[in-house]
Amino acid sequence: MGKMRRESRELVNLDTTALVAIVSGISNGGVGKLMATPEAETRARFKCNYKFVMDQAQPELQFPILIDLGKAVEGKQCIICETVNLEFKEIVSMCGGAEENIRARHLLKQLTTVPDSPSTRMMDLPTTRKLAMKTKIVFGTGDYWRAPTLTANMGFVRAVSQYGLPLLTIEHRPRALIGL
């Protein structure tokens, strides 16, 4: 997407949850295969994440998340900060399947990576378990660019609101990498 031209297009900051949702096998046609797999096999594969993954599969059939995500970023320039770039690559390489890895590489080519540049007001918040430094950097970079952050991390958004700090965010439903 080239150089940053703040005046040319509205920006949207994507966090790691948004990138995972975009490339997830659940979001990209893998639900049928997931639902057709015997429960014992699926439980063994996802272990303690079984319920988290399965809770995403059924709604995906009725409300495909890529439609919602597409509407959220349509006509906008999508940015990610270096922290998200590195974290996403690491998660996909560890947890993603072959197709998820291909989609991830393709997706990253479509995005503009900006340096970590968190806003002063975000960095002035205390660093706590709910306000982790890495997350402050991600949301703070969106805040610096005056770009809403597309996220499923509403726990962080609620924690920030406790400090009376308004944050521009666009919420999306979470999706997991499933190896498809």
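**Helices, pockets and cores of a predicted model**

Q: In which loop is Arg-146 found?
A: In this predicted model, local features need pLDDT of at least 70, side-chain atom pairs count only at pLDDT 80 or more, and totals for chains, interfaces and linings use all residues. Helices (H or I, at least four residues) and strands (E, at least two) are DSSP runs, numbered from the N terminus. In that numbering, Arg-146 is found in the loop between helix 9 and strand 4.

Q: Is Arg-146 buried or exposed?
A: A residue is buried under 20% relative accessible area, exposed over 50% and partly exposed in between, with a 1.4 Å probe and protein chains only. Arg-146 has a relative accessible area of 65%, and therefore it counts as exposed.

Q: How many of the 12 residues of helix 9 are buried?
A: The buried residues of helix 9 include Thr-135, Ile-137, Val-138 and Phe-139, and Lys-136 and Asp-143 are also among them. Helix 9 is mostly covered, and of its 12 residues the buried ones number 9.

Q: How far apart are the end C-alpha atoms of helix 6?
A: The expected span of a helix is 1.5 Å times one less than its number of residues. Helix 6 has 14 residues (82-95), so it should span 20 Å, and this agrees with the separation of its end C-alpha atoms, 20 Å.

Q: Which residues of helix 6 are buried?
A: Contact means heavy atoms within 4.5 Å, and what covers the buried residues of helix 6 includes strand 1 (11-14), helix 1 (16-23), helix 7 (98-110) and helix 9 (133-144). The residues buried in this way are Thr-83, Val-84, Asn-85, Phe-88 and Val-92.

Q: How much space lies in the largest pocket?
A: On a 1 Å grid over the protein atoms alone, a cavity is a set of points where a 1.4 Å probe fits but cannot get out, and a pocket is an open set with protein on both sides within 12 Å along at least five of seven lines, with lining residues having an atom within 4 Å of a point. Grid points are joined across faces, edges and corners, and a volume is the space filled by probe spheres set on the points. For the largest pocket, the space comes to about 630 Å³.

Q: Which of the 27 residues that line the largest pocket are the closest to its centre?
A: Helix 1, helix 3 (39-46), helix 4 (50-62), helix 6 and helix 9 each supply at least two residues of this lining. The lining holds 14 nonpolar, 7 polar and 6 charged residues, where Ala, Val, Leu, Ile, Met, Phe, Trp, Tyr, Cys and Pro count as nonpolar, Asp, Glu, Lys and Arg as charged, and the others, Gly among them, as polar. The closest to the centre are Thr-17, Val-20, Phe-52, Ile-91 and Arg-175.

Q: Which element gives the largest share of the lining of the second largest pocket?
A: The second largest pocket has a volume of about 190 Å³, and among the 12 residues that line it, Ile-22, Leu-69, Val-73, Cys-78 and Leu-107 lie nearest its centre. Helix 5 (65-73) and helix 7 are the elements that give two or more residues to this lining. The largest share, 4 residues, comes from helix 5.

Q: Which residues of the largest nonpolar core touch the most other members?
A: A nonpolar core is a set of buried Ala, Val, Leu, Ile, Met, Phe, Trp, Tyr and Cys residues joined through side-chain atoms within 4.5 Å. The largest one has 39 residues, and those touching the most other members are Leu-14, Leu-19, Phe-88, Leu-111 and Leu-150.

Q: What is the relative accessible area of Thr-149?
A: Thr-149 is found in strand 4 (residues 149-151). Not counting residues up to four places away in sequence, Thr-149 touches Asn-13, Asp-15, Phe-139, Gly-142, Leu-168, Thr-169 and Ile-170. Thr-149 is buried, and its relative accessible area is 1%.

Technical notes:
Residues are numbered from 1 along each chain as its sequence is written. Side-chain values use heavy atoms; hydrogens and water are left out.
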